[in-house]
Amino acid sequence: MYILSSATNASNFVTGVDKAFLIIVGISFLFLIGLTLTMLYFVFKYNHKKNPQATQIKGSTKLEIIWTVIPVILVLVMFYYGWAGWAPMRTAPEDSFNIQVNSRMWNFTFQYENGKISDTLFVPLNKPVKLNLVSLDVIHSLYIPSFRVKEDVVPGREKFAWFVPQREGTFELFCAEYCGLNHSYMYNWVKVLPEQKFNEWYVDTTKRVDVAAVDSPTANGQRIMKNIGCFACHSVDGTKLVGPSFKGLYGHTATVITGGNERQLTVDDEYIKRSIYDPNADVVKGFNKGLMLPYKGQLSDDDVAQIIEYLKTLK
Ligand SMILES: [Cu+2]
């Protein structure tokens with residue numbers, strides 16, 4: 001069974017978590033069998049035909065002690081293994097490789113110390129990795145089942161998770177805290193690369209936002225938007241989602257609320273840039289303020305320019 005083999009464990013926490021899990025399931029299973037058998041035995045032995053006269057039993061210190069002491073021991077055993085598996089998760093090694101996880105409705109982006117940003121979590125094999133969990137809006141939860149890592153991401157709190165990836169490969173990562181309409185979009189991949197391959201990827205800072213092969217400026221803009229999650233709230237086919245559709249956006253006359261006053265303007269580069277860096281400055285009429293968060297710091301001027309090129313093509 002895969003959870004019993006340790007040679008190929010995806011992370012250093014698999015053994016501890018699986019041990020606690022198996023012990024708790026095992027004890028529960030023994031109780032299920034034991035209680036069911038005892039119940040069946042009593043049903044046969046003391047049914048009305050065999051035992052027409054019920055016997056009254058009053059108090060038994062011996063029994064009381066047995067059914068107090070045994071469960072206490074079992075619960076403590078469960079606690080011990082649970083604790084032993086959990087405690088090491090709370091202290092990350094000093095020399096961990098730090099990655100900031102930005103969580104927002106509805107995507108995760110991974111930000112590295114050299115400025116790289118990616119929608120896939122790249123990590124080096126056999127090195128401790130510390131994820132500093134940041135929420136820009138509501139409570140999310142970062143879950144990497146293969147690594148047995150799960151930690152809530154709470155706005156305003158410093159949260160972290162750490163692990164040592166021990167198997168090369170691609171693993172699932174997702175949000176495990178229902179965080180609104182498109183919660184299910186928060187689904188990403190962890191890629192564990194041998195150290196040398198990881199370093200090659202890491203030092204390549206020509207792409208701030210990690211995108212696949214670039215064919216044209218507009219394709220690039222589209223990929224940036226996909227990676228950073230714009231399409232969770234904006235469609236390109238005219239459908240109204242959380243935000244207005246991008247179809248026919250560029251050049252049309254928009255009605256916006258600026259500081260409480262309604263005004264009309266023509267959508268140009270300047271307006272789109274402002275909408276991305278400071279979305280609440282002009283709020284599109286009919287939509288809610290505060291849902292789109294500022295992307296200042298996450299998208300460079302260059303990224304925004306490429307997004308604008310792409311938006312221009314959506315006639
Ligand atoms: Cu979420």
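**Sheets, helices and domains**

Mentor: Start with the open sheet of three strands, which has the order β12-β11-β13 and antiparallel pairing. Strands pair if DSSP finds at least two bridges between them. Helices (H or I, at least four residues) and strands (E, at least two) are DSSP runs, numbered from the N terminus.

Trainee: Which are the edge strands?
Mentor: β12 (261–266) and β13 (282–284), and each pairs on one side only. Neighbouring strands in this sheet are turned by 45° against each other on average, direction ignored. Axes are lines fitted to C-alpha atoms, for helices over the stretch in contact, and angles run from 0 to 180 degrees between N-to-C directions.

Trainee: Over how many bridges do β11 and β12 pair?
Mentor: Six, in the antiparallel sense, with β11 covering residues 253–258. A254 has L265 of β12 as its bridge partner.

Trainee: Before I go on, what kind of model is this?
Mentor: A predicted one: local features need pLDDT of at least 70, side-chain atom pairs count only at pLDDT 80 or more, and totals for chains, interfaces and linings use all residues. Residues are numbered from 1 along each chain as its sequence is written.

Trainee: OK. What is the strand order in the open sheet of five strands?
Mentor: β4-β10-β9-β6-β7, with mixed pairing. The edges are β4 (121–124) and β7 (149–153), each pairing on one side only. Here neighbouring strands are turned by 20° on average, direction ignored.

Trainee: Which helix packs on that sheet?
Mentor: α3, residues 195–203. It touches β4 and β10 (187–193), and its direction makes about 135° with that of β4. Contact between two residues means that their C-beta atoms, placed from the backbone, lie within 7 Å.

Trainee: How many bridges join β6 to β7?
Mentor: Five, and the two strands run antiparallel. β6 spans residues 140–144. S141 has D152 of β7 as bridge partner, and L142 stands opposite E151.

Trainee: Where is N126, and what is its phi?
Mentor: N126 sits in the loop between β4 and β5 (129–135). Its phi is near 60°, a positive value in a residue other than glycine.

Trainee: Which residues does the cis peptide bond join?
Mentor: M105 and W106, with omega about 0°. W106 is in the loop between β1 (97–104) and β2 (107–112).

Trainee: Now helices. At what angle do α1 and α2 cross?
Mentor: Roughly 165°, and the axes come within 7 Å. α1 is residues 14–45 and α2 is 61–86. They are therefore roughly antiparallel to each other. For such labels, angles under 35 degrees count as roughly parallel, over 145 as roughly antiparallel, 65 to 115 as roughly perpendicular and the rest as oblique.

Trainee: Left-handed or right-handed?
Mentor: The crossing of α1 and α2 is left-handed. That term applies if the near helix is turned anticlockwise from the far one by less than a right angle; clockwise makes a crossing right-handed.

Trainee: Which residues meet there?
Mentor: On α1, they include G16, A20, I23 and I27. On α2, L74, V77, Y81 and G85 are among them. The contact divides into 10 nonpolar, three polar and one charged. Ala, Val, Leu, Ile, Met, Phe, Trp, Tyr, Cys and Pro count as nonpolar, Asp, Glu, Lys and Arg as charged, and the others, Gly among them, as polar.

Trainee: And how do α5 and α6 cross?
Mentor: At roughly 120°, with axes that come within 10 Å. That makes α5 oblique to α6. Their crossing is right-handed. D269, I272, K273 and I276 of α5 make the contact with V304, I308 and L311 of α6. By class, it has five nonpolar, no polar and two charged residues.

Trainee: Last topic. What are the domains?
Mentor: Domain 1 is 2–90, domain 2 is 97–203 and domain 3 is 217–312. The bounds come from an automatic or database domain assignment.

Trainee: How many residues of domain 2 are in contact with domain 3?
Mentor: 11, and they contact seven residues of domain 3. The domain 2 side divides into five nonpolar, three polar and three charged. The C-alpha centres of domain 2 and domain 3 lie 26 Å apart.
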